[in-house]
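Please read them with the structure open.

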Amino acid sequence: MSNDDKQARDWVPAMWRGWAGRCPACGARSLFTGYLKMAPACTACGADLEAYRADDAPAYFVIFIVGHIVVPLVLLVEKLYEPALWVHAALFLPLTIGLCLWLLPRVKGAVIGVLWALRVRSRQPG
Ligand SMILES: [Zn+2]
């Protein structure tokens, strides 16, 4: 284990770098190679990104966030306007799907950033 491995890592900037699709270690735009496909390592600093696995956590967080945005809006619109069911569907299905698709890579990057900062590896170095 090198000295670099013992240094404390601040999880807040690492989380925001991950949110932006950037390497949590150096900030280079190298976290993803596709929509949700992780790069095995950072092309700029060589950080081993493959060792950090978010698994189902991003999906759980996205469901939690989107549910807390969409459900109050549905209730508010129903209370204020009492629209037909198709109006609810026309408004809230695209909103729900769009929010989920927009949030998923950002939340996954943020989770990877926090895992990197806290050194929660699914695979040990070496
Ligand atoms: Zn990097």
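**Notes on the predicted model**

1. Sorted by class, the residues that line the second largest pocket comprise 11 nonpolar and five charged ones, with no polar residue. The coordinates are those of a predicted model, and this holds for every point below.

2. At least two lining residues come from each of H3 and H4. The largest share is supplied by H4, with three residues.

3. Which residues coordinate the zinc ion? The SG atoms of Cys-23, Cys-26, Cys-42 and Cys-45 do so, at 2.2 to 2.3 Å. Along the sequence these donor residues follow the spacing C-x2-C-x15-C-x2-C. Cys-26 and Cys-42 both lie in the loop between helix H2 (11-19) and helix H3 (57-81), so this pair ties together parts that are 16 residues apart in sequence.

4. The arrangement at the zinc ion is tetrahedral, because the four donor atoms subtend angles of 108 to 112 degrees. Four donors are counted as tetrahedral when all angles lie between 85 and 135 degrees. For reference, the ideal angle for four tetrahedral donors is 109.5 degrees.

5. The cut-off for buried is under 20% relative accessible area, and exposed requires over 50%.

6. Ser-30 is placed in the loop between H2 and H3. Its relative accessible area is 7%, so Ser-30 is buried. Leaving aside residues up to four places away in sequence, Ser-30 touches Gly-21, Arg-22, Cys-23, Ala-39, Cys-42, Thr-43 and Leu-49. Two residues in that list, Cys-23 and Cys-42, are also zinc donors.

7. Leu-104 belongs to helix H4 (residues 85-118). Its relative accessibility is 22%, so Leu-104 counts as partly exposed. With residues up to four places away in sequence left out, the contacts of Leu-104 are Tyr-35, Leu-36, Pro-58, Ala-59 and Val-62. What separates the C-alpha atoms of Leu-104 and Phe-64? The distance between them is 12 Å, for residues 40 apart along the chain.

8. Two backbone angles deserve a look. Most residues other than glycine have a negative phi. Glu-82 has a positive phi, near 45 degrees, although it is not a glycine. Glu-82 sits in the loop between H3 and H4. With a relative accessible area of 60%, Glu-82 is exposed.

9. Arg-119 is the other residue to check here. Its phi is near 60 degrees, again a positive value in a residue other than glycine. Arg-119 lies in the segment after H4. The relative accessible area of Arg-119 is 29%, so this residue is partly exposed.

Technical notes: Residues numbered from 1 in each chain as written. Predicted model: local features only at pLDDT ≥ 70, side-chain atom pairs only at ≥ 80, totals over all residues. Heavy atoms only, no water. Donors = N, O, S within 2.8 Å, 3.2 Å for Na, K, Ca; no water. Tetrahedral: all angles 85-135°; square planar, octahedral: opposite > 155°, others 65-115°. Helix = DSSP H or I, 4+ residues; strand = E, 2+ residues; numbered from the N terminus. Buried < 20%, exposed > 50% of the residue type's maximum accessible area, 1.4 Å probe, protein only. Contact = heavy atoms within 4.5 Å. Nonpolar A, V, L, I, M, F, W, Y, C, P; charged D, E, K, R; others polar.
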